[in-house]
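Welcome! Here is a short briefing to read with the model open beside you. We start with a term, then go from the whole chain to a few places on its surface.

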Amino acid sequence: MELLTGEYRNTLDEKGRILFPSKLRTELFKDSEKNVLIVTQSFDRCLWLYTVDEWKTLSSKIMETASPFNKQNRLVLRSLIAPAQEIELDKAGRLSVPQSLRDYAGLSKDCVILGINKYMELWDADTYAKYLEENDDSIKDAAEALSTISL
């Protein structure tokens, strides 16, 4: 699979469907019989979207290391693994986002889809703009922490 990158803006319709960018659809599903994504809550009031294979890899790693007897582990399992849902894109290339996940991410009409290499994020456009503004200094600090990477 090629890198999934880019920022795409689309609208959520009244039925909770969003047209998934054709560039991402082409890359994600070129070798797949079904156009399915796993959609779950993230930790920043957006949604994470994974291919089935990437989700299996991530969720398996989490489940191998997480113990239901550990309070912090249970928090991650309940907030990331439990709400995950398998959603098939319709013939028009739309992703129907379940109400519970729309509510969690505060999705309204205008949305942003971010391609972040092996997964994607779905944000409410206003929430994403506010997130970027509130985290401007943190983003610069995080980038500075990567200064050991050489090109």
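A residue is called exposed when its relative accessible area is over 50%, and buried when that value is under 20%. Please keep in mind that this is a predicted model.

**Overall fold**
- The chain holds 6 helices and 8 strands.
- The C-alpha trace spans about 40 × 35 × 35 Å along its principal axes.

**Packing and surface**
- Of the 151 residues in the chain, 36% are buried.
- Take the contacts between residues at least 6 apart in sequence: 62% of them join residues at least 24 apart.

**A82 in its loop**
- You will find A82 in the loop between α3 (71-81) and β5 (85-88).
- A82 has a relative accessibility of 59%, so it counts as exposed.
- Q41 lies 41 residues from A82 in sequence, while their C-alpha atoms are 9.2 Å apart in space.

**A nonpolar patch**
- L146, I149 and L151 together make a nonpolar surface patch of about 430 Å².
- I149 sits in the segment after α6 (136-144), and its relative accessible area of 57% makes I149 exposed.

How values were computed: Residues are numbered from 1 along each chain as its sequence is written. This is a predicted model: local features need pLDDT of at least 70, side-chain atom pairs count only at pLDDT 80 or more; totals for chains, interfaces and linings use all residues. Side-chain values use heavy atoms; hydrogens and water are left out. Patches are made of residues with over 30% relative accessible area and no salt bridge: like charges are joined within 9 Å, nonpolar side chains (Val, Leu, Ile, Met, Phe, Trp, Tyr) within 5 Å. Accessible areas come from the Shrake-Rupley method with a 1.4 Å probe; for residues, only the protein chains shown count as cover. A salt bridge is a side-chain nitrogen of Lys or Arg within 4 Å of a carboxyl oxygen of Asp or Glu. Helices (H or I, at least four residues) and strands (E, at least two) are DSSP runs, numbered from the N terminus. Buried means under 20% relative accessible area, exposed over 50%, partly exposed in between (1.4 Å probe, protein chains only). Contact means heavy atoms within 4.5 Å.
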